[in-house]
Amino acid sequence: MGTLWGGRFQKEADRRVREFQDSLSFDFRLWPYDIKGSQAHAQMLVKIGVLAPDEGEAIIKGLAKIYAEFAAGKVQPEGEEDIHSLVEALLVRWVGEVGKKLHTGRSRNDQIATDLRLYLRDEISAVRQLLKELRRALVDVAAEHVETLMPGFTHLQPAQPVTFAHHLLAYYEMFTRDDARLVDCYRRTNVLPLGAGALAGTTFPLDRAYVAELLGFEAVAANSMDAVSDRDFVVEFCAAAALTMVHLSRLAEEIVLWSTPQFGFVELDDAFATGSSMMPQKKNPDVAELCRGKTGRVVGNLTGMLLLLKGLPLTYNKDLQEDKPLLFDTVDTLKACLTVFGPLLRTMKVNRERLAAAARAGFIAATDLAEYLVRKGLPFRDAHAVVGRVVLYCLERGKTFEELTLEEYRQFATVVDADVFAAIGLEASLKARRVPGGPAPDLTRERIETLKNLLR
């Protein structure tokens, strides 16, 4: 195994040290970006006259052959210290001594920073596409349940009636904010560090703007010391990923609850559930549970990144090698969860009858009754107290609001008229709250159509 730094050493590194510090086992996945960045660097070296045109052509063609070898699975992650060493070793093997000129004006410090940014740009785009597919699934399922009543909860207690569509669209909003955070993260990721060298640039007249253009970067890092040591973009992505996973975990928790016999709101498709090795009756929501559990990994990776950076002096330190396992695991975990969650939602069966029955339990129209009394002239606080006494009366007699007579209502408030029964009807209540001010199109249905157009 060769190294890129051995000239001033009289001894080779101890085998245990080599094994301890080598990163090829995990940074191997960066090979497309290391090659792409190297090709752009070679083109720039030709442009400024550091490489002769024929030398540049040999290097660029050699890198293209190496890319093909990697893509065909013919290169294994072994024999070198890191992905940079491996690519350079293969290049020298392909094109000879001229390959050693590629590293002119470049350090592994700005090279790895460039590789990471190229990699993360692609992964942000991939995650955004998966988020779009998940939001499509939420909107499509919601479209089927605009009229499906269910209880809305606070403190996991029945609170007010809502629709299943309205509930699902709350998660649409969460995942839309997640997408917006990724857009912002992409902008700060899309900055070229190459040309910063080890920390203080180089005496060669590098054309960084040209490299940025070749690689599609929107800006060039302004400070070379910051360029090689900055991992804020990794932290930002990990933070955005952690919050996305938290949102997935919240939805997963509801699906776990909804799929229990005690709730019975949904039934998961057999293809997205598992069984028990001992209890033949079981149908377990393992996909949702795993997404909930994997959230801890992603949150932990964010914490790891913050702790990794918190005590580092400028500029590059070997500690930064540890950013990649944290980032890669976050990317892989988030993509895996997003990939499976949309199909889970699309295939689950929604029990409309069970949802509607649950919406009518627990005196869920209590707020509507209080607001009815306000419209009859009672101050809200008095109306609130009256309805509380009505609830207690019903509990003591095993009755529901619908089962009370007009005379019973008037025991608590003489302003009550026969229209009270319409006021506590859940469908009318939903329409009044969804469409304030009188007859108008159903805002939930309109919202769904708007969202479908946005996601096309």
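Is Glu396 buried or exposed? Glu396 is exposed, with a relative accessible area of 57%. The legends below walk through this and other close-ups of what is a predicted model.

**View 1. Glu396 and Arg397 pair up in a salt bridge.** The closest N and O atoms of the two side chains are 3.4 Å apart.

**View 2. Arg135 and Asp179 join helix H6 to helix H7.** Here the side chains meet in a salt bridge, with 3.9 Å from N to O. Arg135 belongs to H6 (residues 108-143) and Asp179 to H7 (residues 164-189), so this pair ties together parts that lie 44 residues apart in sequence. Both ends are out of the way of the probe: Arg135 is buried at 7% relative accessible area, and Asp179 counts as buried at 10%. The cut-off to keep in mind is that buried means under 20%.

**View 3. Asp323 and Lys324 form another salt bridge.** Their closest N and O atoms are 3.0 Å apart. Asp323 is buried, and Lys324 is buried too.

**View 4. Helices H3 and H5 cross at roughly 60°.** H3 covers residues 31-47 and H5 covers residues 83-95, and their axes come within 10 Å. That angle makes H3 oblique to H5. If you follow the handedness, H3 passes H5 in a right-handed crossing.

**View 5. Helices H11 and H12 pack at an angle of about 155°.** Their axes are 9 Å apart. H11 is therefore roughly antiparallel to H12, since angles over 145 degrees count that way. This time the crossing is left-handed, as H11 passes H12.

**View 6. A cis peptide bond joins Leu314 and Thr315.** Take a look at omega, which is about 5° for this bond. Thr315 sits in the loop between H11 (286-309) and H12 (323-347), the helix pair of the previous view.

**View 7. Leu199, Met225 and Leu314 make a nonpolar surface patch.** The patch has an area of about 270 Å². Leu314 takes part here as well as in the cis peptide bond with Thr315. Leu199 comes from the loop between strand S3 (191-192) and helix H8 (208-215). It is partly exposed, with a relative accessible area of 35%.

**View 8. His155 and Leu156 both have positive phi values.** Phi is near 55° for His155 and near 60° for Leu156, and neither residue is a glycine. His155 is found in the loop between strand S1 (149-154) and strand S2 (157-163), and Leu156 belongs to the loop between S1 and S2 too. His155 is exposed, at 76% relative accessible area. Leu156 is also exposed, at 52%.

**View 9. Leu214 of helix H8 is set against Ala336.** The two residues are 122 apart along the chain, and their C-alpha atoms are separated by 31 Å. Leu214 is partly exposed, with a relative accessible area of 32%.

Terms used. Residues numbered from 1 in each chain as written. Predicted model: local features only at pLDDT ≥ 70, side-chain atom pairs only at ≥ 80, totals over all residues. Heavy atoms only, no water. Patch = residues over 30% accessible without salt bridge, like charges linked within 9 Å, V, L, I, M, F, W, Y side chains within 5 Å. Areas by Shrake-Rupley, 256 points an atom, 1.4 Å probe, with all protein chains shown as cover. Salt bridge = Lys/Arg side-chain N within 4 Å of Asp/Glu carboxyl O. Helix = DSSP H or I, 4+ residues; strand = E, 2+ residues; numbered from the N terminus. Buried < 20%, exposed > 50% of the residue type's maximum accessible area, 1.4 Å probe, protein only. Axes fitted to C-alpha atoms, helices over the stretch in contact; angles between N-to-C directions. Parallel < 35°, antiparallel > 145°, perpendicular 65-115°, else oblique. Left-handed = near helix turned anticlockwise from the far one by under 90°.
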